[in-house]
Amino acid sequence: MKLGPYVLRGKIDRVDKLPNGQVEVVDYKSGHLKNYESDTKRMRQLMLYALALKQIFNLKPAKLTLYYLEDNEAYSLAADKFESKLTPVAQSAIKVFDAIKTSDFPPKPGAFVCQYCDFKMICP
């Protein structure tokens, strides 16, 4: 799919046709459901999939689902909960790609991060 000046390639785990003719995008996760994450952060990857389906196949997903294999638990969002977030997620992704392209990764020091850093003895 095209996202700004970038072209993304990837694979969607599963797209199911629902009884009403609409589609559901399913992504499998090996970890556990994190309750502290916002819907936007948790579903960012699936929202990009929704944009790709719309752009490439002219499909508008009715539902996005993360399936956590370890917990045997699914977490879903209906279209009315994620549609308004698609454009901000796309814009955020473009900013990340821009940062990667320019190698712009300023340090983000913190107690947890710094305690495991190989450079902690010489870093101000």
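Y67 is partly exposed, with a relative accessible area of 22%, where buried means under 20% relative accessible area, exposed over 50% and partly exposed in between (1.4 Å probe, protein chains only). The structure is a predicted model, in which local features need pLDDT of at least 70 and side-chain atom pairs count only at pLDDT 80 or more, while totals for chains, interfaces and linings use all residues. Residues are numbered from 1 along each chain as its sequence is written, and side-chain values use heavy atoms, with hydrogens and water left out.

A search of the whole structure identified three aromatic pairs, defined as rings of Phe, Tyr and Trp (its six-membered ring) with centres within 6.5 Å, and classed as stacked for planes under 30 degrees apart, edge-to-face for over 60 and tilted for the rest. One of them joins Y6 and F97, whose ring centres are 5.4 Å apart and whose planes meet at 70°, so the pair is edge-to-face. Because Y6 lies in strand β2 (residues 6-7) and F97 in helix α3 (residues 86-102), this pair ties together parts that are 91 residues apart in sequence; helices (H or I, at least four residues) and strands (E, at least two) are DSSP runs, numbered from the N terminus. Y6 is buried, with a relative accessible area of 15%.

Y28 and Y67 also form an edge-to-face pair, at 5.8 Å centre to centre and with 75° between the planes. Y28 is partly exposed, with a relative accessible area of 33%. In a further contact with an aromatic ring, R42 lies over the face of Y75, at 4.3 Å from the ring centre, the criterion being NZ of Lys or CZ of Arg within 6 Å of the ring centre and within 35 degrees of the ring normal.

L59, in the loop between α1 (39-57) and β5 (63-68), is partly exposed, with a relative accessible area of 31%.

The search for disulfides, taken as pairs of cysteine sulfur atoms within 2.5 Å, returned zero across the whole structure. C114 is in no disulfide, the nearest cysteine sulfur being that of C123, 6.3 Å away. For C117, the closest cysteine sulfur is in C114 at 6.5 Å, which is too far for a bond. C114 is partly exposed, with a relative accessible area of 31%, and C117 is partly exposed as well, at 32%.
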